Amino acid sequence: MLNRDRLDAIVNNMKKLGLTQILVSDDNAVYYITGRKIDAMERCGALLIKDDGEVHAFMNRLFCFEEMDGMTMHYYSDDENPYKMIAENLNSGAVGFDKNWASKHTISILTERKDISPVIGSDAVDMSMALKDEEEKEKLRHAAKINDMAMDFAVSNIDEKLDEKELSDKIEEFFEKNGASRDIQLQYVCYGKNAAEPHHGAVAGEKLNEGDAVLFDLWAPINGYWCDMTRTVFYKKCSDRHREIYNIVKNAQKAAIDTVKPGVKMHDIDAAARKVISDAGYGEYFITRTGHGVGMTVHEPPEAKSGNDTIAEVGMCFSIEPGIYIKDDIGVRIEDLVIVTEDGCEVLTKYPKELIIVK
Ligand SMILES: [Mn+2]
């Protein structure tokens, strides 16, 4: 069923952005508006939204995308040209295209009409998807709760007999038993210096040694909404220097969380974490942004990074995950998901952040 509230919000955003027509093709965005997943793969499937609230759907018959109230359906078969169909329903002038739509679709439509000009139209949808409604917040809270359990499971299962990949597989199995869907991704389990690479996936054969940091970045979609949390613990012992680095990251993460409230700019949240790490002399080792939005996808707007002057609003959900990454030595990252509230934020992931040395 067409979600009128969400559609109204998108149309409002289109007006703010000066867009009169947008094509929405992203699977999650189509689901967000219609409650139907199409999984178009290489085929063409899109919604056309106009600024008067008119909605058209262009769908291959094999998607079994049924008619709905308030939407004009245009079906095509594999032997028909969907681009002509879409082009005929566009007004001349700017058309907002989905930022992730394969260029073959975009170019085929542009070829049909010389009087339209392409612009990126996704912001109108992204701005609405960034503001989570109550139903979405509940799903995010539930996913975060499973994430806390998964982290507890991960830390409890640290064992020299398991290489990174074996431990990662055990954690995925745990996630699946607790409702994560099959399109789960490789869990990041990083031993020792591997943690210095922020996106180090778990590698078979990588062994755990005494004194290693163990970084777990655990993420999975549960009921269509993602969780994402990172903790760094130590195996058997922790040097004074590593303890110092850990505490700097912990303080930076707290400083960023304390900054979150409606009205602050996303780059101020990033700056709060960055200041703590820079003041401690480790600024050059904080090589990532502080955070990213999370919802039906694990990386989406808004980003907490320098230069992003998006204003935090009630209902936005994003990660806070500063880190220090020193090549051939150590990586420490601490990550939680937060939802912006009237007077600050709600921290969804609750696994402890005091330094843990696993014996
Ligand atoms: Mn993250």
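**Figure 1. The span from residue 138 to residue 342.** The C-alpha atoms at the two ends of residues 138-342 are 17 Å apart, and the span consists of 33% helix and 25% strand. Helices (H or I, at least four residues) and strands (E, at least two) are DSSP runs numbered from the N terminus. An unreviewed UniProt entry lists these residues as "domain: Peptidase M24"; UniProt positions follow the numbering used here, feature names are shortened, and annotations may be inferred rather than shown by experiment. The model is predicted: local features need pLDDT of at least 70, side-chain atom pairs count only at pLDDT 80 or more, and totals for chains, interfaces and linings use all residues. Residues are numbered from 1 along each chain as its sequence is written, and side-chain values use heavy atoms, with hydrogens and water left out.

Figure 2. Asp-228 (OD), His-292 (NE2), Glu-321 (OE) and Glu-335 (OE) are the protein donors of the manganese ion, at 2.1 to 2.4 Å from it. Donors are N, O and S atoms within 2.8 Å of the metal (3.2 Å for Na, K and Ca); water is not among the atoms, so sites may look incomplete. The spacing of the donor residues in sequence is D-x63-H-x28-E-x13-E. Distant parts of the chain are linked by the pair His-292, in strand 10 (residues 291-293), and Glu-335, in the loop between strand 14 (330-333) and strand 15 (336-341); the two are 43 residues apart. His-292 is buried at a relative accessible area of 2%, and Glu-335 is buried at 0%. Buried means under 20% relative accessible area, exposed over 50%, and partly exposed in between (1.4 Å probe, protein chains only).

**Figure 3. The nonpolar cores.** The largest nonpolar core has 43 residues, and those with the most contacts inside it are Ile-10, Ile-22, Val-24, Ile-33, Ile-49, Phe-65 and Met-71. Such a core is a set of buried Ala, Val, Leu, Ile, Met, Phe, Trp, Tyr and Cys residues joined through side-chain atoms within 4.5 Å. This core takes at least three residues from each of domain 1 (4-129) and domain 2 (145-358). A second, separate core of 31 residues includes Phe-234, Val-260, Met-266 and Val-338. Leaving aside residues up to four places away in sequence, Val-24 touches residues including Ala-29, Ile-33, Leu-47, Asp-98 and Val-125; contact means heavy atoms within 4.5 Å.

**Figure 4. The contact between the two domains.** The protein is divided into domain 1 (4-129) and domain 2 (145-358), with bounds that come from an automatic or database domain assignment. Their contact takes 6 residues from domain 1 and 4 residues from domain 2. The C-alpha centres of domain 1 and domain 2 are 35 Å apart.

Figure 5. Pro-301 and Pro-302 are joined by a cis peptide bond, with omega of about 0°; Pro-302 belongs to strand 11 (residues 300-304). Asn-223, a residue other than glycine, has a positive phi near 50° and lies in the loop between strand 8 (213-222) and strand 9 (225-235). Lys-236 is not a glycine either, yet its phi is positive, at about 70°. This lysine, Lys-236, sits in the loop between strand 9 and helix 8 (240-259) and is partly exposed, with a relative accessible area of 32%.
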